[in-house]
Amino acid sequence: DIRVKIPPGIEDGQKIRLRGQGDPGPDGAASGDILITVSSAPHPYFQRRGKQLDVKVPVTLGEAASGTKVDIPTPSGTITLSIPPGTSSGTKLRIKGHGVQPRQGKPGDLFAEIQIMMPEKLNKTDRQTLTDLASKYQRDPRADLQW
């Protein structure tokens, strides 16, 4: 039975060496080493890039327009995130120090990507209301795209 302590902040693909825990050499003398390659399964909420974590945060159209506070997960527990009024889908809000805590050094940051969720079914009146609202604020969201 071999126990392995996985250090905090270890990255996918890194190796851990357990000295003297492997099979004995051909002459029966000193044991060899065991090399373990770390492979982590995807997390249901977080995506990791180095010390940075990303989490997707769904909000309603009304919450994005008016601003709101939502509870979001972090590795150390749930926190409340303030979403400013007028936040667009795809906006990333940084929460300092709530990313991966490495063995040494400062922790990374958590980035909350806002995802506006439209209602599944809009009736004709609601669709017209949104169309009327869009015509009031005529900004081409694709104006900066280069095709």
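# Exercises on a predicted chain

Isoleucine 2 lies in the segment before strand E1. The model is predicted; local features require pLDDT of at least 70 and side-chain atom pairs count only at pLDDT 80 or more, while totals for chains, interfaces and linings use all residues. Residues are numbered from 1 along each chain as its sequence is written, and side-chain values use heavy atoms, with hydrogens and water left out.

## Exercise 1

Determine how isoleucine 2 is placed in relation to leucine 18.

**Solution.**
- Step 1. The relative accessible area of isoleucine 2 is 43%. Buried means under 20%, exposed over 50%, and partly exposed in between (1.4 Å probe, protein chains only). Isoleucine 2 is therefore partly exposed.
- Step 2. Isoleucine 2 and leucine 18 are 16 residues apart in sequence, and their C-alpha atoms are 9.5 Å apart in space.
- Step 3. Contact means heavy atoms within 4.5 Å. Not counting residues up to four places away in sequence, isoleucine 2 touches Leu18, Gln21 and Ile34.

## Exercise 2

Describe strand E1 and its pairing with strand E2.

**Solution.**
- Step 1. Strands (E, at least two residues) and helices (H or I, at least four) are DSSP runs, numbered from the N terminus.
- Step 2. Strand E1 comprises residues 15-18; Ile16 and Leu18 form its covered face, Lys15 and Arg17 its uncovered one.
- Step 3. Two strands pair if DSSP finds at least two bridges between them. E1 and strand E2 (residues 34-37) run antiparallel and are joined by four bridges.
- Step 4. Arginine 17 has leucine 35 in E2 as its bridge partner.
- Step 5. Aspartate 33 belongs to the loop between E1 and E2. With a relative accessible area of 35%, aspartate 33 is partly exposed.
- Step 6. Neighbours within four places in sequence left aside, aspartate 33 is in contact with Arg17, Leu18, Arg19, Gly20 and Gly22.

## Exercise 3

State the strand order of the open sheet and identify the strands at its edges.

**Solution.**
- Step 1. The open sheet has four strands in the order E3-E4-E8-E7, with mixed pairing.
- Step 2. Strands E3 (46-49) and E7 (92-95) each have a single partner strand, so one side of each is left without a neighbour in the sheet.
- Step 3. Neighbouring strands of this sheet are turned by 30° against each other on average, direction ignored. Axes are lines fitted to C-alpha atoms, for helices over the stretch in contact, and angles run from 0 to 180 degrees between N-to-C directions.
- Step 4. E7 pairs with strand E8 (residues 110-117) in the antiparallel sense over four bridges. Isoleucine 95 has leucine 110 in E8 as its bridge partner.

## Exercise 4

Classify the one aromatic pair of the structure.

**Solution.**
- Step 1. Rings of Phe, Tyr and Trp (its six-membered ring) pair if their centres lie within 6.5 Å; planes under 30 degrees apart count as stacked, over 60 as edge-to-face and the rest as tilted.
- Step 2. The structure holds one aromatic pair. The ring centres of tyrosine 45 and phenylalanine 46 are 6.4 Å apart and the planes stand at 80°, so the pair is edge-to-face.
- Step 3. Tyrosine 45 counts as exposed at 53% relative accessibility, whereas phenylalanine 46 is buried at 12%.

## Exercise 5

Summarise the chain as a whole.

**Solution.**
- Step 1. The chain contains two helices and eight strands, in the sequence pattern β-β-β-β-α-β-β-β-β-α.
- Step 2. The C-alpha trace spans about 85 × 35 × 30 Å along its principal axes.
- Step 3. Of the 147 residues, 20% count as buried.
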